[in-house]
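User: I would like to learn how to read a metal site and a helix in a model of this kind. Could you take me through one case?

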Amino acid sequence: MNNKQIIGFDADDTLWENEVFFHQAQMKFIELHPHIKDPEEVIFQIEKENIKFYGYGIKGFILSLLEASVRFSNNQTNFQNIDKIIKTGKDMLAQTIQLLPEVEETLRHLSEHYMLIMITKGDLLDQQRKVEKSGLLKYFSSIEIVSEKDEQTYLEILQKNNISPKDFLMVGNSLKSDVLPVRNIGGTGIYIPHKLTWKHEEVDRTFNLERVVELKTISALKVWLKDQI
Ligand SMILES: [Mg+2]
């Protein structure tokens with residue numbers, strides 16, 4: 001075991017459920033707006049346009065749903081719908097944390113042998129709330145809440161913590177945000193797919209697989225690390 005190795009973990013849909021709540025909120029929105037054609041695509045396009053204004057997270061998502069509701073209301077905004085969308089957002093922000101299977105045991109074990117860092121993107125206040133409520137804080141040496149997870153962000157985090165990219169592994173459910181940028185700066189990306197992953201995180205699957213590892217579950221990480229000795 002190379003105990004110089006530092007392991008970074010994504011949080012949403014790697015450590016706890018996240019996308020499922022966005023999915024449920026979107027289904028509610030669709031029920032309230034049966035007149036909008038291809039509502040999933042409408043919402044996705046508005047969200048995508050708005051990332052540059054709001055960043056990632058629930059608040060930006062709710063603002064995008066409100067925008068979709070107003071934009072497609074034919075100048076007859078239904079205030080009950082507006083009220084329901086706002087309520088949906090507040091429910092999402094108060095949602096209890098649902099850890100994914102085997103997360104806690106895996107982190108407990110790994111934290112005894114490696115330095116662990118949580119690296120998550122999204123709304124600062126909401127991500128802090130989730131980290132605190134998750135009960136997982138004790139397993140991590142540091143928590144990084146960032147607005148984008150690209151090569152530059154990872155380089156800055158590694159530099160700040162005095163970590164060489166070759167000693168860094170990043171675990172997550174997004175090839176675009178967790179795996180490929182880390183591999184591209186000389187680290188190893190460990191991809192653990194989640195059945196629901198936001199369309200914005202999808203990438204063309206033609207990348208080369210050097211230092212990209214796919215595991216089925218988070219607990220498989222222990223076994224994989226042991227095999228690397
Ligand atoms: Mg994620």
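Analyst: We begin with what counts as a donor: an N, O or S atom within 2.8 Å of the metal, with water not among the atoms, so a site may look incomplete. Please keep in mind that this is a predicted model.

User: Which protein residues are the donors of the magnesium ion?

Analyst: The magnesium ion has Asp-10 (OD), Asp-12 (O) and Asn-173 (OD1) as its protein donors, at 2.1 to 2.2 Å, and their spacing in sequence is D-x1-D-x160-N.

User: Are Asp-10 and Asn-173 buried or exposed?

Analyst: Buried means under 20% relative accessible area; Asp-10, with 5%, is therefore buried, and Asn-173, with 6%, is buried as well.

User: How should I read the buried residues of helix 7?

Analyst: The general idea is that an α-helix has 3.6 residues a turn, so residues three or four places apart point the same way. In helix 7 (residues 151–160), the buried residues include Thr-153, Tyr-154, Ile-157 and Leu-158, and because they cover an arc of only 130° around the axis, they lie on the same side of the helix. Gln-159 and Lys-160, on the other side of helix 7, are exposed.

User: What do the buried residues of helix 7 pack against?

Analyst: They pack against strand 2 (115–121), strand 3 (142–146), strand 4 and helix 8. Just after helix 7, Asn-162 adopts a positive phi of about 60°.

Conventions: Residues are numbered from 1 along each chain as its sequence is written. This is a predicted model: local features need pLDDT of at least 70, side-chain atom pairs count only at pLDDT 80 or more; totals for chains, interfaces and linings use all residues. Side-chain values use heavy atoms; hydrogens and water are left out. Donors are N, O and S atoms within 2.8 Å of the metal (3.2 Å for Na, K and Ca); water is not among the atoms, so sites may look incomplete. Buried means under 20% relative accessible area, exposed over 50%, partly exposed in between (1.4 Å probe, protein chains only). Helices (H or I, at least four residues) and strands (E, at least two) are DSSP runs, numbered from the N terminus. The arc is that of the directions from the helix axis to the C-beta atoms. Contact means heavy atoms within 4.5 Å.
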